[in-house]
Amino acid sequence: MDLVTAIRNADPARAVELVAGMDAARRRAELPGLEALRRELIRRDGVRPGWDAALIVGAVCHSAPAAAANWLARGELDSHGAWDRPPLIGLLEAQPAPWQRDVGLRLANRRAGSTDAWGSGLLFGITEHLLRRSDTPPPAEPGFVVDWMRDRSSALFRSAVTVLPPDADLYTRLRADSFTPVLGPLLFEGDTARWFDHFARRNDAERWTPALVRLVADGTLDRAAFLACGFARLARGGAPANCAPTSAC
């Protein structure tokens, strides 16, 4: 069974076994077939079995991080698939750390804030995992902050490789998240206002403003940096809703 057939037959274990045994040249030779298969499996009206294997296998067949990021970022997918579980996750994790770092950063900067729909969070999950695996701090990119905030605003959408505690409230999730000290002060830089209470409804434990106050109080967020970013946002002006969280500090 060849690689394309294994993916088309929704046999990710065989697909991973095949691609793991290929050198870089052989992987490149598979790309035309994978490109045609991608068009077959990932369609505007939905996805077909094997699409997640096509996505991950195709990415690792690109030795150049720019090409791999382009392959992954070609359109949001409103599905999650099994990229974050064996055997597919092993392909990503077997890539060299510099490849993981470069692809993760390229995805963070390219995908940041580019979609309005919630979607599945698929690409954010892949991006976060690659950054963490390569020990790369999240980029100070306002759009990526929006994607991070969207993801952290819900306890429902967690990937199998999440580092956050299960069934925790927003404050606990953020306090356990190593991205929080970096991205928290940047909440004022992007179009974040609508996510402050998007999932909270009547549950105060899921509201961002009280959680941020507690994170500043316990030292998770640097108070001086947080206030500086907030006041800078006020000085720039803009919609009142975008500036409201600052008053809580």
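I will begin with the nonpolar cores and then turn to one pair of helices.

Please keep in mind that what you see is a predicted model. In soluble globular proteins, nonpolar side chains tend to be buried together. In this model, the largest nonpolar core contains 40 residues, and those with the most contacts inside it are Leu 3, Ile 7, Leu 34, Leu 72 and Ile 126. Several helices contribute at least two residues each to this core, among them α1 (3-8), α3 (24-41), α4 (51-60), α5 (65-72) and α8 (122-133), and the largest share, eight residues, is supplied by α4.

Let us look at Ile 7 for a moment: if we set aside its neighbours within four places in sequence, Ile 7 is in contact with Leu 34, Leu 37 and Leu 41, and also with Ala 53, Ala 54 and Val 57, among others.

Now to the helix pair. How do α4 and α5 pack, and at what angle? Their axes lie 8 Å apart, at an angle of about 165 degrees, and, since angles over 145 degrees count as roughly antiparallel, the two helices α4 and α5 are therefore roughly antiparallel to each other. The crossing in which α4 passes α5 is right-handed. On the α4 side, Ala 54, Leu 55, Gly 58 and Ala 59 meet Ala 68, Trp 71 and Leu 72 of α5, and the residues of this contact comprise six nonpolar, one polar and no charged.

Definitions and conventions:
Residues numbered from 1 in each chain as written. Predicted model: local features only at pLDDT ≥ 70, side-chain atom pairs only at ≥ 80, totals over all residues. Heavy atoms only, no water. Core = buried A, V, L, I, M, F, W, Y, C linked by side-chain atoms within 4.5 Å. Buried < 20%, exposed > 50% of the residue type's maximum accessible area, 1.4 Å probe, protein only. Helix = DSSP H or I, 4+ residues; strand = E, 2+ residues; numbered from the N terminus. Contact = heavy atoms within 4.5 Å. Axes fitted to C-alpha atoms, helices over the stretch in contact; angles between N-to-C directions. Parallel < 35°, antiparallel > 145°, perpendicular 65-115°, else oblique. Left-handed = near helix turned anticlockwise from the far one by under 90°. Nonpolar A, V, L, I, M, F, W, Y, C, P; charged D, E, K, R; others polar.
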